[in-house]
Amino acid sequence: MALGALMLLASSRVSAQGRSFKDQDLARKNFREQQLDGADFSGATLGNADFSRASLRGANFQDADLRSTMFSGADLTGADLRNSIGPFIAPGETNFSNANLEGLDLKDARLFAPNFRGANLRNTTGWGSVTRGSFRGADLRGANLRGAEALHPDESMFVGAIYDDNTSWPDWAEKAKARAKRAQ
């Protein structure tokens, strides 16, 4: 993409739905409030980029470098973040519903009121702080949640979440775990 087009995209509310940013260096770019549904960021370097309040439904972030990337209030419904490098920052009600984060090392990501309803969180590790999150119906098989810190944990956080014998739970989640379902 030409530098001028990237600057226009980063400075205004331009739609880039379905656009390819594959393998590009987009560190520190501003994508706030952009319409980026279905965009391909696979393999991109996105360190310190800002996707606050952006629509990223179905976006592909596989193998992307997301270190210190801001997703505050972003909609990542159905996005694919497998094998990306964290931690990213989502301090404000980020929607990860039905997203695929399988195998992601969150490396102490800070999450405030994230929505992981129906998300694939299989084999995730490195959970940092989670404040008022929802994991309803999420797939937690093999997830290592042991290091997760929760501020204001709620017994309903894991209602309907699926787990197995390989899921590691933090001590504070014992009551919430009782509301989850063991995989058959």
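Modeller: What follows starts with confidence, goes on to the sheet and a pair of rings, and ends with one serine.

This is a predicted model, in which local features need pLDDT of at least 70 and side-chain atom pairs count only at pLDDT 80 or more, while totals for chains, interfaces and linings use all residues. Residues are numbered from 1 along each chain as its sequence is written, and side-chain values use heavy atoms, with hydrogens and water left out.

The pLDDT is the predictor's confidence in each residue, from 0 to 100. Its average over the protein is 88, and 92% of the residues score at least 70. Helices (H or I, at least four residues) and strands (E, at least two) are DSSP runs, numbered from the N terminus. Confidence is highest in S5, at 96, and lowest in H1, at a mean of 46. Over residues 1–12 the pLDDT stays under 50, and the model has 17 contacts beyond four places in sequence for them; contact means heavy atoms within 4.5 Å. Where pLDDT is low, the predicted coordinates should not be read in detail.

Now the sheet. Two strands pair if DSSP finds at least two bridges between them. An open sheet of 4 strands runs in the order S1-S2-S3-S4, with parallel pairing. S1 and S4 are at the edges with a single partner strand each, so one side of each has no neighbour in the sheet. S2 (residues 110–112) is joined to S3 by 3 bridges, and Leu 111 stands opposite Val 130 in S3.

The whole structure holds 19 aromatic pairs, meaning rings of Phe, Tyr and Trp (its six-membered ring) with centres within 6.5 Å; planes under 30 degrees apart count as stacked, over 60 as edge-to-face and the rest as tilted. One of them is stacked: Phe 135 and Phe 158 have ring centres 4.9 Å apart and planes at 25°. Phe 135 lies in the loop between S3 (129–131) and S4 (149–151), and Phe 158 in the loop between S4 and S5 (162–163), so the pair ties together parts 23 residues apart in sequence. Phe 135 is buried, with a relative accessible area of 2%, and Phe 158 is buried at 2%. Buried means under 20% relative accessible area, exposed over 50%, and partly exposed in between (1.4 Å probe, protein chains only).

Last, Ser 55 lies in the loop between H1 (3–11) and S1 (89–90). Its relative accessibility is 11%, so Ser 55 counts as buried. Beyond its neighbours within four places in sequence, Ser 55 is in contact with residues including Gln 34, Leu 36 and Asp 75.
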